[in-house]
Amino acid sequence: MGATILMPALSPTMTEGKLARWLKKEGDTVAAGDVIAEIETDKATMEVEAVDEGEITKILVPEGTEGVQVNSVIAELDGGDAGHAAHGPEQPVSNAVQAGGETAQVAKEAEDYGAVAARGTARKEGAAAETQPAASPEPEKEWGETKSITVREALRDAMAAEMRRDDKVFLMGEEVAQYQGAYKVSQGLLDEFGPKRVVDMPITEHGFTGMAVGAGMSGLRPIVEFMTFNFSMQAIDQIINSAAKTLYMSGGQLGCPIVFRGPNGAAARVAAQHSQCYASWYAHVPGLKVVAPWSSADAKGLLRAAIRDPNPIIFLENEILYGQSFECPTDEDFILPIGKAKIERKGKDVTIVAFSIEVGLALKAAEKLAEQGIDAEVINLRTIRPLDIDTIVASVKKTNRLVTVEEGWAFSGIGCEVAMQVIEHAFDHLDAPPVRVAGLDVPMPYAANLEKLALPTVDHVVDAAKSVTYKK
Amino acid sequence: MVQAAKAGPTKRRGKATPTPTSAATSNTAGGMTQEQLLQAYRDMLLIRRFEEKAGQLYGMGLIGGFCHLYIGQEAVVVGMQTCLQPGDQVITSYRDHGHMLATGMESRGVMAELTGRSGGYSKGKGGSMHMFSREKGFYGGHGIVGAQVSLGAGLAFANMYRNDGTVCLTYYGDGAANQGQVFESYNLAALLKLPVVFVIENNKYGMGTSAERASASKDRSKDGTPWGIPGEQVDGMDVQAVREAGLRAVAHCREGKGPYILEMKTYRYRGHSMSDPAKYRTREEVQKMREQHDPIETLRKILLDGGLDEGKIKTVDDDVKRIVADAAEFAQTSPEPDEKELWTDILLEAR
Ligand SMILES: Cc1ncc(C[n+]2csc(CCOP(=O)(O)OP(=O)(O)O)c2C)c(N)n1
Ligand SMILES: [Mg+2]
């Protein structure tokens with residue numbers, strides 16, 4: 001009996017890839033384990049091995065073909081299996097489709113909002129953090145021409161721009177140099193800046209974080225990449241006890257200009273130890289600033305500001321957003337202020353506060369709410385600490401209702417802080433108790449069906465908005 | 001089919017002492033009888049075929065997230081497991097499928113965990129990196145590089161505390177061997193004379209970073225020297241060499257002399273996880289290891305040279321194929337976990 005060879009998935013988020021090369025041709029005989037082809041995505045290359053033995057009777061996808069869907073038939077062995085793909089699912093599925101819940105799905109549609117995000121909205125001047133460098137531009141200044149780039153490119157461009165500008169800035173972390181970044185964020189930086197400024201580290205988070213903090217104290221400006229923020233837990237003592245507190249303990253003598261960055265939160269199907277949001281962990285600590293970009297413009301503008309900031313900054317990225325494109329200003333000096341939230345969508349009936357990937361979810365919910373006659377205002381926090389409470393309070397004074405959205409757990413989460421500060425500053429303006437939408441209060445399960453249930457959905461946000469507006 | 005799943009090597013547990021051999025039935029190389037060698041061949045082949053199937057299911061989207069295959073390293077766990085007795089423990093990282101099969105965990109339960117189904121060892125809640133079996137002495141399945149090393153020292157601490165003569169095998173990679181808590185564990189284990197064998201699986205790379213680029217220590221078996229921990233470098237592609245060194249290490253622990261380090265020189269054929277740029281090593285390097293040092297092929301030749309009937313090997317091959325096919329079938333038909341499982345196993349009821 002013949003068999004078919006299917007396009008394999010090579011990462012948790014892959015839906016399609018390029019068939020780069022055939023190493024066998026029609027008529028060749030293969031045995032299990034033989035390498036038959038090479039496939040590529042923007043992140044990785046993989047050899048496809050034969051799992052059955054037989055003769056390749058037909059190659060259906062020629063080499064060099066881009067955008068080959070995961071699980072589509074790429075070749076036939078011994079005449080194919082006449083439609084009976086062994087054990088294969090009926091529909092092509094990839095891990096990206098079955099995983100990550102609705103948040104991931106919505107992230108894929110984020111492009112539309114990207115244009116809005118990049119254009120910016122008129123904003124009032126707020127109390128800027130005292131540490132903002134004088135060169136920092138007006139909040140939400142009009143930056144002119146934009147171009148669609150991925151969040152991954154935006155982050156890389158921000159680091160490259162700051163490294164060109166200041167030779168004290170350097171990047172260190174696991175796989176940042178030769179490998180070009182575990183998630184390809186540092187692509188090309190080794191080539192441009194050399195091994196002195198783009199430095200590969202062994203798997204020693206506690207040690208190299210301490211080393212970077214020490215270098216920062218002496219006046220260098222390290223960027224530390226954590227492969228994911230889950231691994232920053234190995235180093236959290238140095239971040240909190242050394243980086244965050246030394247300025248205070250030294251009576252102002254020893255500041256530490258340093259950026260800790262990397263993907264935060266759930267990716268897709270990577271289970272409890274690799275899927276967690278650390279926003280509230282770090283936001284708890286005086287002496288740190290915590291930034292969480294959503295769009296490419298956020299990523300680029302805020303990372304540039306973070307690198308210039310004289311303080312320790314926790315910069316929380318999101319793996320699922322890395323490949324998403326948004327419009328981003330092309331102006332060479334483009335930068336965004338830390339400590340300023342952004343109104344992504346104006347509305348009058350309810351204020352929805354979100355950060356990072358959940359901004360996309362909130363905007364989607366706002367669209368659905370609009371169809372039902374509820375006009376939601378969506379605030380992208382951009383910075384979590386210091387919290388831009390002025391923008392939030394101004395909005396709540398207008399809408400009288402508050403919904404917060406985060407991927408992490410509700411208990412002691414960012415939503416708690418936002419709601420509490422709103423209560424402190426605008427209690428009399430609230431017409432309903434604030435509602436938190438958050439990840440369920442469980443460790444992240446691996447199973448596809450359970451993972452989906454554990455993450456916030458558009459409907460959760462819609463329901464929350466309806467409950468605070470007392471609509472059914 | 002249940003029959004096939006049970007017929008595997010899974011029921012067998014290793015013995016601590018080399019079995020005395022009768023000249024008629026044995027090839028005494030490495031202290032292993034022909035029978036033991038055939039069993040080792042079967043156990044390694046089961047891991048190899050299991051992992052190939054897992055790779056295939058991943059490609060079909062039936063397994064998600066991270067999936068780290070053990071292909072190429074089979075001789076390490078199979079050889080070490082033959083040195084253990086019931087009650088001994090094993091703990092390792094996320095590259096754990098081989099360890100689980102070696103401790104006797106069922107192929108079906110492991111594969112069903114990979115597909116996130118209720119028939120999996122963690123009811124689908126742990127996935128590839130997080131499986132456990134108290135019954136088989138397997139303590140996981142850990143995703144944070146290096147964290148299992150302190151945990152392994154803790155399992156050995158409990159062994160010392162209970163004074164029951166059991167030993168813990170703590171496995172970790174060449175990359176993990178650089179983590180600070182590994183060195184803290186060396187000191188603790190030596191200080192408290194803990195019965196733990198530290199097994200470094202040096203497959204030459206931690207993700208895309210070669211061991212040379214990650215550590216100034218070139219002979220990892222000597223990493224315990226400051227604390228007086230004896231160590232050996234072992235050909236981890238040779239199951240007999242692994243067993244010989246394993247027996248020495250385990251005996252040292254059982255005699256109450258404290259920890260022991262084994263640096264297994266091994267190699268992974270596949271990418272770090274399913275997603276791997278494959279640019280940090282050459283195709284030739286991988287090809288050379290596969291062709292000249294494959295632990296399964298080598299043992300197969302030894303068996304045939306020792307006069308074993310080719311038909312017997314074929315029977316083992318077929319058997320293994322059947323077990324893996326059955327596991328794959330089970331992993332696709334076992335239902336997804338009940339939605340209620342989302343809320344179970346977070347805390348235990350205090351009584
Ligand atoms: C603390 C921590 N840092 C980083 C990672 C990401 N990571 C997972 S596996 C790995 C490489 C480990 O290499 P090694 O210890 O040699 O084991 P191998 O994968 O070769 O079996 C890295 C960096 C992690 N899981 N945990
Ligand atoms: Mg390794």
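1. **Salt bridges overall.** Over all chains, the count comes to 43 salt bridges. Keep in mind that this is a predicted model. Side chains of opposite charge can pair when their charged atoms come close.

2. **A pair within chain A.** Take A:D459 and A:K368. Their side chains meet in a salt bridge, at 3.0 Å from N to O. This pair links distant parts of the chain. A:D459 sits in helix α16 of chain A, residues 458-468. A:K368 sits in helix α12 of chain A, residues 358-371.

3. **The interface between the chains.** How many residues of chain B are in contact with chain A? There are 56, and they touch 61 residues of chain A. Together the chains bury about 4500 Å² between them. Carbon and sulfur atoms carry 55% of that area. On the chain B side, B:M60, B:R283 and B:L342 lose the most area to chain A. Those three together make up 14% of what that side buries.

4. **Salt bridges across the interface.** The rule finds 2 salt bridges between chain B and chain A. In a salt bridge, the side chain of B:R213 meets that of A:D200. The N to O distance for B:R213 and A:D200 is 2.9 Å.

5. **A loop residue to look up.** Where is A:D441? Find it in the loop between β22 (435-439) and α15 (448-454) of chain A. A:D441 touches A:W409 in its own chain, and also B:W343 and B:I346 in chain B; residues up to four places away in sequence are not counted here. Now compare A:D441 with A:D157. The two are 284 residues apart along the chain, and their C-alpha atoms are separated by 37 Å.

6. **Two packed helices in chain B.** Two packed helices are described by the angle between their axes and the distance between the axes. Helix α2 of chain B covers residues 34-59, and helix α3 of chain B covers residues 74-81. They pack at an angle of about 135 degrees, with axes 9 Å apart. Because of that angle, α2(B) is oblique to α3(B). The crossing of α2(B) past α3(B) is right-handed.

7. **What the helices touch with.** Which residues of α2(B) meet α3(B)? They are B:A40, B:D43, B:M44, B:I47 and B:R48. From α3(B) come B:E74, B:A75, B:V77 and B:V78. The residues of this contact divide into 6 nonpolar, no polar and 3 charged.

Technical notes. Residues numbered from 1 in each chain as written. Chains lettered and ligands numbered in written order. Predicted model: local features only at pLDDT ≥ 70, side-chain atom pairs only at ≥ 80, totals over all residues. Heavy atoms only, no water. Axes fitted to C-alpha atoms, helices over the stretch in contact; angles between N-to-C directions. Helix = DSSP H or I, 4+ residues; strand = E, 2+ residues; numbered from the N terminus. Parallel < 35°, antiparallel > 145°, perpendicular 65-115°, else oblique. Left-handed = near helix turned anticlockwise from the far one by under 90°. Contact = heavy atoms within 4.5 Å. Nonpolar A, V, L, I, M, F, W, Y, C, P; charged D, E, K, R; others polar. Buried area = accessible area lost by both parts, 1.4 Å probe. Salt bridge = Lys/Arg side-chain N within 4 Å of Asp/Glu carboxyl O.
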